[in-house]
Amino acid sequence: MRKKFSASLVALSFVLTSSLTAVAQDAKYSNKNALPEIGVVASDAISLDKEMIVGDAVMRQMRGQSPIISDPVLDEYLQDIGNRLVVHADNAKFPFEFFWVNNDAINAFAFFGGHIGVHTGLMRRAENESELASVLAHEISHVTQRHIARRMQAQQRSSPLALASLIGGVLIAMANPEAGIAAMQAGTAASAQLQIDYTRSNEQEADRIGIAMLARAGFDPNAAASFFSTMAEEYRMVSRPPARLLTHPLTETRIADARNRAGDYPRRYLPINKQFELAKARIKARYSFGADYAIEYFEAAVAQDVQRSKEASLYGLALAYMRSEKIEQAKKLMDELIVNDKGNLFYLDAMTDIYISMGQPLKAVEMLKPHVTHNPRNQVLALNQANALISAQKYDDAISLLKDFLLVRKDYQIAHQLMSEAYQKSKRFSQMHQSKAEVYALYGAYNRAVDELQYAYNFAGDDHLEKQRIRARIKQFRDQEERLEQL
């Protein structure tokens, strides 16, 4: 049974979902828009250390309650863009984690500890990589400016009921934004007004900072305004706009302000980004569209050549074929694509799945080997190679590769799942249960994690060193649970 930590902290972590795009302005170009250094602002509300603890706990809870996508290829792509922006962010106090939520709502959100989620629906509407980056820049600004902690200070000056009235809706909002907004609006009038007023202040500040970050990172600073305009036009004639726009309306003033701020930076005319188009095709083929419709959509795209990237259309069609178990057709397309781009992670991932589906995992192992040797801790390469090695019954090799990967990515769920599978198939049951415990812990299910470790302890036999390690891990899980209860 999963225990829950301080409800008010959970609520505040989720309330700070932001608007759809990022706009801002660098003080280098306009001193009147210069912003104060945040530093220890709101440190009396929550310290940075505690913020990271709460952020980690919220992330664990989200893994169990929200449709988070575990897709190494998409994760790699999103994290790369995020990192390119964070390098140019001020007051970045900790590593940022970017992740996908499988939801067609146009949404993105930030919460404690540098966690930033992006809905697949937002990616489907973005026209180019700069528009996606503009959203991430805006969310990063919410975190670096410590808007959640500053909101906590405002809440402390209000009635405790202002906090309680938000709790029901904010958690629902992640999986069902419409329902979440409705639940929050059912709270007291004072709470609703506090939420609106403080959010407006946050949004203006994140707008100013985000566009500066966007420009410094080499993206088109006009992308924020263009995405604003796209969204405003799409919902102009809709009687009830998405929940995101109910709390953060795209007014003409805000769109104009975004254009004006972007005008202070050199415009960048960037070519079509192949990786962006491939990521968008992957989301459509695997997550947004039904299996049959995905085939129809991409077959039409290839035939009519209506997509900006024909390679992306062919890739999307191959994924759609794989989803419908038309493996030979998928392989024919991927053979054509990968011959001209042998190191493309999107292609290597698809070819690995094809070889495994065809009962030829050793071909995948050989294909990936030079790439893994060059970059052994890349999540796409390492996890695909581990999967292929397990399918080829080379369990020790898979375990060795996964151990190395987990040294730097200890919280990557798929790695622990693959490790558990490798241990199970090699009949190493004590280690299997330990790997399962790590998966449960990633969901915040510490009691079930401890149960798995108890099973592991029983399988350890006379290995006293192994038993000592298991006891130590049990204590760590219980200590983590206790820290959360004290928040």
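Helix α18 crosses helix α19 in a left-handed manner. A crossing counts as left-handed if the near helix is turned anticlockwise from the far one by less than a right angle, and as right-handed if clockwise. The model is predicted: local features need pLDDT of at least 70, side-chain atom pairs count only at pLDDT 80 or more, and totals for chains, interfaces and linings use all residues. Residues are numbered from 1 along each chain as its sequence is written, and side-chain values use heavy atoms, with hydrogens and water left out.

Two packed helices are described by the angle between their axes and the distance between the axes. Helix α18 spans residues 361-374 and helix α19 spans residues 379-391. Their axes lie 9 Å apart, at an angle of about 150°. Axes are lines fitted to C-alpha atoms, for helices over the stretch in contact, and angles run from 0 to 180 degrees between N-to-C directions. The pair α18 and α19 is therefore roughly antiparallel. That term applies to angles over 145 degrees; under 35 is roughly parallel, 65 to 115 roughly perpendicular, and the rest oblique. On the α18 side, the residues in contact are Pro361, Ala364, Val365, Leu368, Lys369, His371 and Val372. They meet Leu381, Asn384, Gln385, Ala388, Leu389 and Ser391 of α19. Contact means heavy atoms within 4.5 Å.

Thr373 also belongs to helix α18. Its relative accessible area is 61%, so Thr373 is exposed. Exposed means over 50% relative accessible area, buried under 20%, and partly exposed in between (1.4 Å probe, protein chains only). A polar side-chain atom of Thr373 lies 2.9 Å from the backbone oxygen of Lys369. Such a polar contact is a pair of N or O atoms within 3.5 Å; within protein, one must be able to donate a hydrogen and the other to accept it, and residues adjacent in sequence count only if both atoms are side-chain atoms.

The protein chain as a whole holds 24 helices and three strands. Helices (H or I, at least four residues) and strands (E, at least two) are DSSP runs, numbered from the N terminus. Of the 487 residues in the chain, 55% are buried. Among contacts between residues at least 6 apart in sequence, 71% join residues at least 24 apart.

UniProt (unreviewed entry) assigns "binding site" to His138, His142 and Glu203. These residues are spread over 66 residues of sequence but cluster in space, with a largest C-alpha distance of 8.4 Å. UniProt positions follow the numbering used here, feature names are shortened, and annotations may be inferred rather than shown by experiment. His138 sits in helix α5, residues 129-144. His138 is buried, at 0% relative accessible area.

The "active site" annotation, from the unreviewed UniProt entry, covers Glu139 and Asp207. They are spread over 69 residues of sequence, yet cluster in space, with a largest C-alpha distance of 9.5 Å. Glu139 is placed in α5 and is buried at 0% relative accessibility. The Glu139 side chain reaches the backbone nitrogen of Ala110 at 3.4 Å. Asp207 lies in helix α9, residues 189-216. Asp207 is buried, at 5% relative accessible area.

Thr120 is found in helix α4, residues 120-125. Thr120 is buried, at 2% relative accessible area. Its side chain reaches the backbone oxygen of Asn103 at 3.1 Å. Beyond neighbours within four places in sequence, the contacts of Thr120 include Ile69, Trp100, Ile283 and Ser288.
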